[in-house]
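Please keep the sequence and the coordinates at hand while reading.

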Amino acid sequence: MQNYKSGELTLLDVPVPGCKPGGVLVRSAYSLISTGTELMKVSEAGMSMVGKARSRPDQVAKVVQSVATNGVPATYRKVMGKLDSYTPLGYSLCGVVEQVGAGIDDVSVGDVVACAGNEHALHAEVNWVPKNLYTRVPDGLAPRHAAFGTVGSIALQGVRRGEPQLGEVALVVGLGLIGQLVVQLLAASGVRVIGADPDPVRCELAERLGAAACGAPSSPAVENAVAELTGGHGVDQVYLAAGGGSNEPVELAARLSRDRGRVVDIGKCSLDLPWNAYYEKELDVRFSRSYGPGRYDPEYELEGRDYPIGYVRWTERRNLACFLDLVARGRVDVEPLVSHTADFDDAVETYRSLKDGGLKAVAVLFRYPGHTEEAVAPELTVPAVR
Ligand SMILES: NC(=O)c1ccc[n+]([C@@H]2O[C@H](COP(=O)([O-])OP(=O)(O)OC[C@H]3O[C@@H](n4cnc5c(N)ncnc54)[C@H](O)[C@@H]3O)[C@@H](O)[C@H]2O)c1
């Protein structure tokens, strides 16, 4: 848990949630720290009030709206209460079903499931998870790999938004956790991939996991690879998966795209689109939202109302199942992305070392009491990034 006002991180003992109808109680085996996304939250909490406001203009807009509707005193009390409460962290885990709520007939006690969502797949020993936010883990898939399900679904949704086609060439800008998964999903779809990231270790990892060539964002290595693989036309699609506040990724995307190429924004990076460059190539800019259709719809996520498959082929639950299937069949390899596995009891210390840079990691797993499973040897052996 994290106190958003003080930035303090702590492990709290709280009552085990009840098993409500429409969901299952899951005892965690492994949960994944998505280091880029979670550290952004952790760093935000350590900022001054002005810093917090600057980094979350969306929340400031809500406060302004609340002042207009409810007045200053009521809004002040609400904001202070919210800031001073503990917010749980985590959104991607794998565990074992411990109790089945009324209305659930697709899993039983003892089944291994992957769970998604920053309200229901928390770094916690036990979570209650509604039906559309869990899926059964395929036989033979290691729980520590299934814990990548949510983050894999984010990457998968990004790739679906790009509508890749066999034979195309893509550029992935930002080779962190999401970017590494996007590279592998594109390669599995028959697309040749060029990667760009200032970190040479991450470039090397992406090349080992399927990218044709990688290099620093505006380096000759990237520009030459684009020229060579596309016959000078430019890439068919660009995936923006970078962190940080630089506008370089959107500028690079325009420069290296072909005429009428597609640019998919997955990352929360600067998006000051250079108008002339995007206009002249008539670039198609698309956003990718979270794990897929169903996200943020309470009827889908909390009440378990599915969308008909004929109309919505890939919902967030079907994305989760699809990603796990790709990992189980060896089309995506997540083991090289695990930089460190920590016992859950050491959670606070682990976040601290990530934050102060003592632990450099693409992804970190928390292992929960009672789960001693070691890494399963991946089919593709590449060294983990540490
Ligand atoms: N669309 C969604 O639903 C969704 C969900 C989760 C995360 N995100 C966003 O996706 C992005 C990636 O997340 P992550 O977990 O992989 O983060 P990460 O920190 O693991 O990776 C970010 C990578 O970007 C690289 N980078 C920084 N500046 C760059 C630049 N100018 N050009 C190229 N690369 C650069 C870093 O070296 C790093 O490797 C973040 O912005 C995150 O907020 C989006």
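## A buried threonine

Leaving aside neighbours within four places in sequence, Thr150 is in contact (heavy atoms within 4.5 Å) with Tyr91, Ser92, Cys115, Ala116, Gly117, Tyr291 and Leu320. Thr150 belongs to helix H6, where helices (H or I, at least four residues) and strands (E, at least two) are DSSP runs numbered from the N terminus. With a relative accessibility of 1%, Thr150 counts as buried; buried means under 20% relative accessible area, exposed over 50% and partly exposed in between, computed with a 1.4 Å probe on protein chains only.

## Basis of the model

The model is predicted, so that local features need pLDDT of at least 70 and side-chain atom pairs count only at pLDDT 80 or more, whereas totals for chains, interfaces and linings use all residues. Residues are numbered from 1 along each chain as its sequence is written, and side-chain values use heavy atoms, with hydrogens and water left out.

The protein has 14 helices and 15 strands, and buried residues make up 49% of its 386 residues. Among contacts between residues at least 6 apart in sequence, 70% join residues at least 24 apart.

## Packing of H6 and H13

Helix H6 (residues 149-162) packs against helix H13 (residues 316-328) at an angle of about 100°, their axes being 8 Å apart; axes are lines fitted to C-alpha atoms, for helices over the stretch in contact, and angles run from 0 to 180 degrees between N-to-C directions. H6 is therefore roughly perpendicular to H13, a class that covers 65 to 115 degrees, while angles under 35 count as roughly parallel, over 145 as roughly antiparallel and the rest as oblique.

On the side of H6 the contact is made by Gly149, Thr150, Gly152, Ser153, Leu156, Gln157 and Arg160, and on the side of H13 by Asn319, Leu320, Cys322, Phe323 and Leu324. These residues divide into 5 nonpolar, 6 polar and 1 charged, where Ala, Val, Leu, Ile, Met, Phe, Trp, Tyr, Cys and Pro count as nonpolar, Asp, Glu, Lys and Arg as charged, and the others, Gly among them, as polar.

Asp306 lies in the loop between helix H12 (298-301) and H13, and with 39% relative accessibility Asp306 counts as partly exposed. Not counting residues up to four places away in sequence, Asp306 touches Asn132, Tyr300, Thr315 and Arg318. Asp306 and Asn132 are 174 residues apart in sequence, yet their C-alpha atoms are 7.5 Å apart in space.

The side chains of Asp306 and Arg318 make a polar contact at 3.1 Å, a term for a pair of N or O atoms within 3.5 Å in which, within protein, one must be able to donate a hydrogen and the other to accept it, and residues adjacent in sequence count only if both atoms are side-chain atoms.

## Sheets

An open sheet is formed by 6 strands in the order S10-S9-S8-S11-S12-S13, with parallel pairing; two strands pair if DSSP finds at least two bridges between them. Strand S10 (213-215) and strand S13 (284-287) stand at the edges with a single partner strand each, so one side of each is left without a neighbour in the sheet. Within the sheet, 5 bridges join strand S8 (residues 169-173) to strand S9 (residues 192-196), and Val173 has Ala196 as its bridge partner in S9. Helix H7 (residues 177-188) lies across S8, S9 and strand S11 (235-240), running at about 170° to S8.

Elsewhere, strand S2 (residues 23-34) and strand S4 (residues 92-100) run antiparallel and are joined by 7 bridges.
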